[in-house]
Amino acid sequence: MPNIPVAVPTDGTSILDNLTTPLLFQGDPATAYRDPTAIFSEGFFHLFFTLVETEADGSVYMYVATAKSDDLVHWTPLRRITPRDPSLNFSSPGNVVRWGEEWILCLQTYPRPKGEKYGNGSSRLWILRTADLDDWSQSSPSLLRVKGLDTPIAEMGRMIDPFLVADGEETGKWWCFYKQDGASASTSYDLAVWHYEGRVKAGENVCILSTEHAYSDSSNPGNTGSPGFLMFHSPQNGIGIKRSRDLRHWEDCGFTTLGQDKWPWAQGRLTAGFVLDLTDEPLVGKYLMFFHGSGPEDEETFFDTHASLGIAWSDDLHEWYWPGKS
């Protein structure tokens, strides 16, 4: 792929018109693609996800991997940006945020010793830093002490699926939401010293979006309502949606399984929705949702294989579309 982004369409079409399938990366008996997140910068989509590979001897390794595209159809070869180490199994990239002159990617470790199926009690949250979104070897992973510096690392408890979001009122204040006892949350001003804020009943893979559509009326999409935050999270199946005005108090406001009933590759489970606001980007003009689907069996059967990454989009965060939707 040339290092020049495609031109913005001038005929009223969208870059999404190029897509003929909701599938971006399709899993197989040796590969799973899970937990996507993305950022759009300088004309390119940078997609990050968990890559799970089953090797010839049956050993399973997890990585955070990335690929880049200027049109959502043609992607660079994927690159692993974390090591091959089952005692760490870096995975589940939550989101990428700007921090001064750097980009910050939050992610988890997911140790699975002795063939354990799921990450054990030593699973923790981390961040990686880079100056250019491409070279993630510029820094070593830094542990997020989200329970506070007074809590020993060994006593932090199992925590996965981090997501960073800026406070809606106080400049310089950041929240980290993560899977522990529902969705737990901590706040920090420097990403080093954290204060635990509590928890909300929610599933995993939390994604939080600040949007004017948070309190709009789904029966009247033209009514933009009032601003706030939407939380996209993953219950047992599908994408649950909650809303809040202050990141502390949440109420349920929606649920979707997109086209799961027609997608064999997602009929086992559809999950891990990440929403990217590109409504002001002429190339797209929509909210994009990246997600993963497992199938045709559920994740009790297929966890390390047959997981695929998909895409959908929306104008108002109520009605979702994808290639082939009638």
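Reader: What volume does the second largest pocket have, and which residues are closest to its centre?

Author: In this predicted model, the second largest pocket has a volume of about 410 Å³. It has 22 lining residues, and Asn-95, Val-96, Val-97, Ile-208 and Leu-209 are the closest to the centre.

Reader: Which elements give two or more residues to that lining?

Author: Strand 2, strand 6 (96-99), strand 10, strand 14 and strand 18 do. Strand 18 gives the largest share, five residues.

Reader: How do the residues of this lining divide by class?

Author: There are 17 nonpolar residues, three polar and two charged in the lining of the second largest pocket.

Reader: And what about the largest pocket: what is its volume, and what lines it?

Author: The largest pocket has a volume of about 520 Å³. Its lining holds 28 residues, with Arg-34, Glu-204, Arg-269, Glu-299 and Phe-303 nearest the centre. By class, that lining has six nonpolar, 12 polar and 10 charged residues. At least two lining residues come from each of strand 2 (31-41), strand 10 (160-166), strand 14 (204-211) and strand 18 (269-278).

Reader: Let's turn to one residue. Why is Thr-187 called buried?

Author: Buried means under 20% relative accessible area. Thr-187 has 7% relative accessibility, so it counts as buried. Its place is in strand 12 (residues 183-188).

Reader: What makes the pair Thr-187 and Glu-197 a polar contact?

Author: The cut-off for the N or O atoms is within 3.5 Å, and the side chains of Thr-187 and Glu-197 are joined at 2.7 Å. Setting aside residues up to four places away in sequence, Thr-187 also touches other residues, among them Lys-173, Trp-174, Trp-175 and His-195.

Reader: Why is strand 4 described as largely enclosed?

Author: Nine of the 10 residues of strand 4 (residues 60-69) are buried, so the rest of the structure largely encloses this strand.

Reader: How do you know that strand 4 pairs with strand 3 (residues 44-54)?

Author: Pairing needs at least two bridges, and 10 bridges join strand 3 to strand 4, which run antiparallel. As one example, Phe-45 has Ser-69 in strand 4 as its bridge partner. The hairpin of these strands has five residues between them, and there Gly-58 takes a positive phi near 90°.

Reader: What makes strand 5 (residues 79-80) a partner of strand 4 as well?

Author: Two bridges join strand 4 to strand 5, and at least two are needed for a pair, so strand 4 and strand 5 count as paired. They run antiparallel, and Thr-66 stands opposite Arg-79 in strand 5.

Terms used: Residues are numbered from 1 along each chain as its sequence is written. This is a predicted model: local features need pLDDT of at least 70, side-chain atom pairs count only at pLDDT 80 or more; totals for chains, interfaces and linings use all residues. Side-chain values use heavy atoms; hydrogens and water are left out. Helices (H or I, at least four residues) and strands (E, at least two) are DSSP runs, numbered from the N terminus. Buried means under 20% relative accessible area, exposed over 50%, partly exposed in between (1.4 Å probe, protein chains only). A polar contact is a pair of N or O atoms within 3.5 Å; within protein, one must be able to donate a hydrogen and the other to accept it, and residues adjacent in sequence count only if both atoms are side-chain atoms. Contact means heavy atoms within 4.5 Å. On a 1 Å grid over the protein atoms alone, a cavity is a set of points where a 1.4 Å probe fits but cannot get out, and a pocket is an open set with protein on both sides within 12 Å along at least five of seven lines; lining residues have an atom within 4 Å of a point. Grid points are joined across faces, edges and corners, and a volume is the space filled by probe spheres set on the points. Ala, Val, Leu, Ile, Met, Phe, Trp, Tyr, Cys and Pro count as nonpolar, Asp, Glu, Lys and Arg as charged, and the others, Gly among them, as polar.
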